[in-house]
Amino acid sequence: MKRKVLLVCYYLNLLMIIFFVLIVVAGLLKQEDIINFFFLNSTANVIRMLFSIPVFYLWFNCLVIWSKYDKRIGQFFLLFFLIGTYSPFYFKKHIRTGIGA
C-alpha cells in the first residue's frame with residue numbers, strides 16, 4: 001500500500017515539475033494570461049496547494065531513504081535544496097535498485 005501511495009506521489013511530483021517548466025516558458029514568452037491563471041486564479045492556487053502535499057510526502061520519504069541507506073552528502077544537498085525537483089529522480093533510482101519503498 002505504501003509503495004502505491006508513493007508512486008502516486010511520484011507521478012504528481014512529475015506533473016508539478018511539468019507545470020513549473022510550463023510557467024517558466026510562459027514567463028519567457030511573456031504569456032500574461034497563463035501566468036495570471038497559475039498565480040492569480042484561486043482555483044489554480046488551491047490545486048497547487050493540494051498537489052504540494054504529495055510532493056512534500058515524497059520528499060520526506062526520500063530523506064528517510066537517504067538517512068537509512070545512502071549517507072552521501074551530495075545526495076542530501078540535492079534533496080534538501082531542490083525539494084520538489086530532485087526527489088522523483090532520487091526515488092526512481094532507489095525503486096530500481098530495490099531500496100526504500
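I began with the secondary structure, which for the protein chain comes to five helices and zero strands, taking helices (H or I, at least four residues) and strands (E, at least two) as DSSP runs numbered from the N terminus. Read from that terminus on, the order of elements is α-α-α-α-α. I note that this is a predicted model, in which local features need pLDDT of at least 70 and side-chain atom pairs count only at pLDDT 80 or more, while totals for chains, interfaces and linings use all residues. Residues are numbered from 1 along each chain as its sequence is written, and side-chain values use heavy atoms, with hydrogens and water left out.

**Overall extent.** Along the principal axes, the C-alpha atoms of the protein chain fill a box of roughly 45 × 30 × 20 Å. I looked up burial next, with buried meaning under 20% relative accessible area, exposed over 50% and partly exposed in between (1.4 Å probe, protein chains only); buried residues make up 30% of the 101 residues. For contacts (heavy atoms within 4.5 Å), I took the pairs at least 6 apart in sequence, and 61% of these join residues at least 24 apart.

**Helices α3 and α4.** I then turned to the packing of α3 (residues 42-70) against α4 (residues 73-81), where the angle is about 170° and the axes are 10 Å apart. That angle makes α3 roughly antiparallel to α4, given that angles under 35 degrees count as roughly parallel, over 145 as roughly antiparallel, 65 to 115 as roughly perpendicular and the rest as oblique. The axes here are lines fitted to C-alpha atoms, for helices over the stretch in contact, and the angles run from 0 to 180 degrees between N-to-C directions. On the α3 side I listed Trp 59, Cys 62, Leu 63, Trp 66 and Asp 70, and on the α4 side Gln 75, Phe 76, Leu 79 and Phe 80. Sorted by class, this contact has seven nonpolar, one polar and one charged residues, where Ala, Val, Leu, Ile, Met, Phe, Trp, Tyr, Cys and Pro count as nonpolar, Asp, Glu, Lys and Arg as charged, and the others, Gly among them, as polar.

**The largest pocket.** I recorded a volume of about 390 Å³ for the largest pocket. A pocket is an open set of points on a 1 Å grid over the protein atoms alone, where a 1.4 Å probe fits, with protein on both sides within 12 Å along at least five of seven lines, and lining residues have an atom within 4 Å of a point. Grid points are joined across faces, edges and corners, and the volume is the space filled by probe spheres set on the points. The lining has 17 residues, with Met 16, Phe 19, Phe 20, Ile 23 and Arg 48 nearest the centre of the pocket. Two or more lining residues come from each of α1 (2-28), α2 (32-40), α3 and α5 (83-97). I find 12 nonpolar, four polar and one charged residues in this lining.

**Single residues.** Asn 61 lies in helix α3, and its relative accessibility of 7% is why it counts as buried. Leaving aside neighbours within four places in sequence, I find Asn 61 in contact with Lys 2 and Leu 6. Phe 81, in helix α4, is exposed with a relative accessible area of 60%; from Phe 81 to Val 25 the C-alpha separation is 22 Å, at 56 residues apart in sequence.

**Positive phi.** Lys 30, in the loop between α1 and α2, has a positive phi of about 55° although it is not a glycine, and Lys 30 counts as exposed at 64% relative accessibility. Lys 71, in the loop between α3 and α4, has a positive phi near 65° and counts as exposed at 56% relative accessibility.
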